[in-house]
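Subject: Structure for your review

Dear colleague,

Please find the structure below, followed by an account of what was found in it. I would be grateful if you could read the two side by side.

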Amino acid sequence: MSSETPETDNQADKNKDPSHHSTKTLLISPYGKRNGITLSVFGAIALFISLILFINAKSLFGIGIVLFGFGSVSLILGIAKINQPKASFKLTETGLDYFHQRGTVHIGWDNIQRVDVSRVTQNLELIELPYIGFKLKQINPILDCISPRLATGLLTEQRPLLMTAATQDEDLQSLETYLGAEFTPLVVNGDRYRGVLAMFGHRCQTLESHLGFHLYISIDSLDRPPAEFVELLREWQQEHLLQ
């Protein structure tokens with residue numbers, strides 16, 4: 001789901017014309033958030049029924065256990081989705097802002113070298129990963145604007161990408177060297193970073209070296225198919241570069 005400001009009767013047509021992008025902002029709301037209330041209600045009902053079975057129908061204890069487990073997971077996932085930011089992206093003249101429950105990071109159009117659906121080769125087949133990848137010209141602007149809290153969250157969420165990188169790299173010792181370097185200070189273009197920002201910067205470099213992109217954003221944050229979202233970003237970037 002997306003919304004644009006300012007609102008006009010013919011905005012849907014204007015959005016198709018890149019010449020109008022410089023006069024408005026596009027907000028992207030993820031599909032996943034819409035299921036938050038449904039999951040929460042369903043989970044609460046399942047938990048309530050399971051408690052009734054525990055108390056009044058001990059012969060159905062097994063069914064109660066199943067409902068309790070399913071209801072707990074649904075309720076937790078639903079609450080997590082409800083607590084997500086209403087918008088996951090904001091596209092503007094200067095770039096895009098990515099909104100995460102742990103913070104926000106800005107990616108400038110002029111700092112994006114390439115944006116695409118992340119893919120890897122496995123058994124001679126090209127497999128799409130559930131991420132949109134951003135190859136940057138410089139990682140300094142990201143490290144300068146991202147909060148340590150968001151950097152920590154992304155480091156945790158992107159652990160599966162490290163496993164993917166390990167399967168892609170035949171030289172595991174080289175990958176281990178990269179991972180060991182994450183705990184050391186990082187110097188990029190004369191700027192020195194320490195702590196979690198240094199770890200995040202090292203991780204960006206490691207993922208770019210093995211998978212081709214510095215930043216990875218889950219497709220759960222999108223409001224449309226990944227390929228269409230990539231085309232949207234390219235369109236906005238191209239309009240900015242032509243100005």
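Rings of Phe, Tyr and Trp (for Trp, the six-membered ring) are taken as a pair if their centres lie within 6.5 Å; planes under 30 degrees apart count as stacked, over 60 as edge-to-face and the rest as tilted. By this definition, Phe-89, Tyr-98 and Phe-229 form one aromatic cluster.

Please note that this is a predicted model, in which local features need pLDDT of at least 70 and side-chain atom pairs count only at pLDDT 80 or more, while totals for chains, interfaces and linings use all residues. Residues are numbered from 1 along each chain as its sequence is written, and side-chain values use heavy atoms, with hydrogens and water left out.

Overall composition

The chain has 10 helices and 10 strands; these are DSSP runs numbered from the N terminus, with helices (H or I) of at least four residues and strands (E) of at least two. Of its 243 residues, 41% are buried, that is, under 20% relative accessible area, with exposed meaning over 50% and partly exposed in between (1.4 Å probe, protein chains only).

Aromatic pairs

The structure holds 4 aromatic pairs. One of them joins Tyr-131 and Tyr-216, whose ring centres are 6.2 Å apart with the planes at 90°, so this pair is edge-to-face. Because Tyr-131 belongs to strand E7 (residues 125–136) and Tyr-216 to strand E10 (residues 215–218), the pair ties together parts that are 85 residues apart in sequence. Tyr-131 is buried at a relative accessible area of 13%, and Tyr-216 is buried at 3%. Tyr-216 also forms an edge-to-face pair with Phe-213, at 6.0 Å centre to centre and 90° between the planes. Phe-213 is likewise buried, with 2% relative accessibility.

Nonpolar cores

A nonpolar core is a set of buried Ala, Val, Leu, Ile, Met, Phe, Trp, Tyr and Cys residues joined through side-chain atoms within 4.5 Å. In the largest one, which has 38 residues, Phe-89, Leu-91, Phe-134 and Phe-200 touch the most other members. Helix H10 (residues 226–242) contributes the largest share of this core, 5 residues. Apart from it lies another core, of 10 residues, including Val-120, Leu-161, Leu-162 and Ala-165.

Leaving aside residues up to four places away in sequence, the residues that Phe-134 touches include Ile-107, Arg-114, Phe-213, His-214 and Leu-233. Contact here means heavy atoms within 4.5 Å.

With kind regards
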